[in-house]
Structure formats: structure tokens, C-alpha cells
Amino acid sequence: MKYVGLQHQISSNNRKTAMLLILFPVIILVTVFAFLVLCQLALQFCGGDPASQIVINWDVIWEYYTACLPYVIGGVALWFTIAYFSNTAIIRYATGAKSVERKDNLRVYNIVENLCIAGGIEMPKINIVDDPGLNAFASGINIQTYTVTLTTGIIEKLNDAELSAVIAHELTHIKNRDTRLLIISIIFVGILATIATVSLKMVGGILRGSGRRRSKKGGGGAILIVLLVAVICSSIAYLFASLTRFAISRSREYVADAGGVELCGDSLALASALRKVSDSPGLRSVNREDIAQLYIIHPRETANKLLNIFNGLFSTHPDTEERIRLLEQF
């Protein structure tokens, strides 16, 4: 078995994450350009002389592209800002998490505090979710909102060494600003998903109403073509953005495993904790994929192992057995 050092694993995954993160704005810009090209081709094909040659007028496309780019960037920036700063409240509401202080749970508070002192990490908030399953996650965008959330099940069923290892994993996410990174990736994917959904609904509305608006067939046909192109472009962009998001998430989990081991000093304790969590990950009542991505182990991914061929590409977390294997070699 080839040994992979902690620092090598961390630096390798950090480089991969940086490259993947650059893809999000690239995907959006390429999608807008492709949309304009396909619209021009589709409108020529459907509305012109069948015998005439279909050509791409790059000057016109570039003119429209530069004209609409400020609106695209402004809209994305506005959406991004609202979603970015509201995520903490959304997560807390969706999970039903409640904050705890030292007096509420001395054991958990002391473990978090000791690890923060050892790792030079500012003390985050601590939240607990009343759930018998075993799971944990980190969230937040700055020191005012950084939070480690634990289920009651993981607190009760893990010993001190295992619980320390899990918390060290989550603190590493905070230290490496992974929570901020994942929120950024989730927002970008959400923007493309919404565009695709809205475009598809508008296409459906036009098709349902086409019988009542036959007198406007020409105008309606052009709008329908544009919307169909929007559905195609945004759907393809959503697919690539989702794959990028999944890849970033998997990469950061490996980094957090390695960093957590450095912080707690016990790779076998984290391996043991992951085994126990994978048997009963809990939190299935939280029906939000964007939040489930934050968990130390994704509840639904452990329950669905049928599509193994696609599991690697479309999973937010690496295979648990592979994570355990790497931990046991340290």
C-alpha cells in the first residue's frame, strides 16, 4: 500500500480545489456566450429561407455579449450576496439546531476549546441537533458565524477520543475556510439550477398557451426558441457546475480528515468514528441537499450504493471506506 503523507495530501487537494473553483465563473461566462451563438443559429434555422446558408455573425454576438455582461455579473453578484449572508440562518432553521454554552454541555465545550487552543483556532459557536443518528458539520462564513454542529447521537455514542477526532475534522473545515468555499460552490450551482427551472416553466407556459395565441405565432415561436436554447445551455452548465461542486466537496473532506488527524493526533480514532457514523448517519429529516453536503458523512449517500459507476462523480463525499483506509495508513 502506497503511503500518502498528511502534508502532501493537504497541498495536493488544495491545488485541485483552487483549479476547480475557477471553473464556476468560467462556466457562467461560457454559458452566456454559447446561449447567444445557439440563439442566432436557431433563429436563422427556424425563421429563414431553408435554402440560405446559416452563418454565425461573430461581430453581432460579441456586441450582444459585451452589452449583457454587466447585467449578468450584476445579477449574479446580487444573488450571491443575498444567499451568502443568509446561509447561517437557513442552516439553523432547517436543522433545528440549538446553541450550547459551557454550562449546557461541559464535555463537548471542553473538547472544542482544547482543540482550538492546540490548533490556534478561534472558538466557534457550538450547536446541537436533537437527533439519535451520528453526524456533525461545520458552517459559517466568518468568525461571528463559524459553528460546529453535533447531533445528540454522536455525543452520546462516541468516546472522548472519537468525538475529539470528529470535532477536529470540523474545526479543520473552519480553519481552512472550507465552509465559505462550499457555500460559494452551492450558490453558483443554485443560480444555474434556478435559471434552468424558470426557463423550463416558461417553455411549458408558452406551449400550453400556444393554442390560444395562434395569431401571434411568429413572435411566440421566436420566444419559444430562445427559451429552449436557455433550457439547454443552463442545464448543461448546471451539470458541469454540479460535477465541479461535488469534486470540490470530496477534495475538502480528504483535507479535513488529514488536518483533523494533525490536530487531534489520532488517525485511528477518526477512522473508528467514521465507521460508527456510517452505520447511523441520521439527519435524514433535513431534506436539503445543500446542507447535507456539509455533514461529515452524507446520510443519503450511505444508503444508496446501487449506482457505483456514477457514485464517484455524483457524490459530495469520498467513499467512506477509502477515507478509513487512508486514515489507517497514517
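Strands β3 and β4 pair in the antiparallel sense over four bridges. Strands here are DSSP runs of E with at least two residues, helices are runs of H or I with at least four, and both are numbered from the N terminus. Two strands count as paired if DSSP finds at least two bridges between them. The model is predicted, so local features need pLDDT of at least 70 and side-chain atom pairs count only at pLDDT 80 or more, while totals for chains, interfaces and linings use all residues. Residues are numbered from 1 along each chain as its sequence is written, and side-chain values use heavy atoms, with hydrogens and water left out.

Together, four strands form an open sheet of mixed pairing, in the order β1-β2-β4-β3. The edges are taken by β1 (98-99) and β3 (136-139); each has a single partner strand, so one side of each is left without a neighbour in the sheet.

In a regular strand, side chains alternate between the two faces of the sheet. Both faces of β3 are covered. Ala136 and Ala138 are buried on one side, and Phe137 and Ser139 are buried on the other. Buried means under 20% relative accessible area, exposed means over 50%, and partly exposed lies in between (1.4 Å probe, protein chains only). Helix α5 (residues 160-175) lies across β3 and β4 and runs at about 20° to β3. For such angles, axes are lines fitted to C-alpha atoms, for helices over the stretch in contact, and values run from 0 to 180 degrees between N-to-C directions.

A salt bridge is a side-chain nitrogen of Lys or Arg within 4 Å of a carboxyl oxygen of Asp or Glu. Arg107 and Asp160 form one, with the closest N and O atoms 2.7 Å apart. Arg107 is partly exposed, at 29% relative accessible area. Asp160 is partly exposed as well, at 46%.

The whole structure holds nine salt bridges. One of them joins Glu253 and Arg323, whose closest N and O atoms are 3.4 Å apart. Glu253 sits in helix α7 (residues 217-264) and Arg323 in helix α12 (residues 320-329), 70 residues apart. Both residues are buried. Asp257 is linked with Glu253 and Arg323 in a network of salt bridges. Lys103 and Asp104 form another pair, with the closest N and O atoms 3.4 Å apart. Lys103 is exposed, at 73% relative accessible area. Asp104 is partly exposed, at 45%.

The chain contains twelve helices and four strands. Of its 330 residues, 47% count as buried. The chain exposes about 16,900 Å², and carbon and sulfur atoms supply 64% of that area. Accessible areas come from the Shrake-Rupley method with a 1.4 Å probe; for residues, only the protein chains shown count as cover. Among contacts (heavy atoms within 4.5 Å) with a separation of 6 or more, 71% come from residues 24 or more positions apart.
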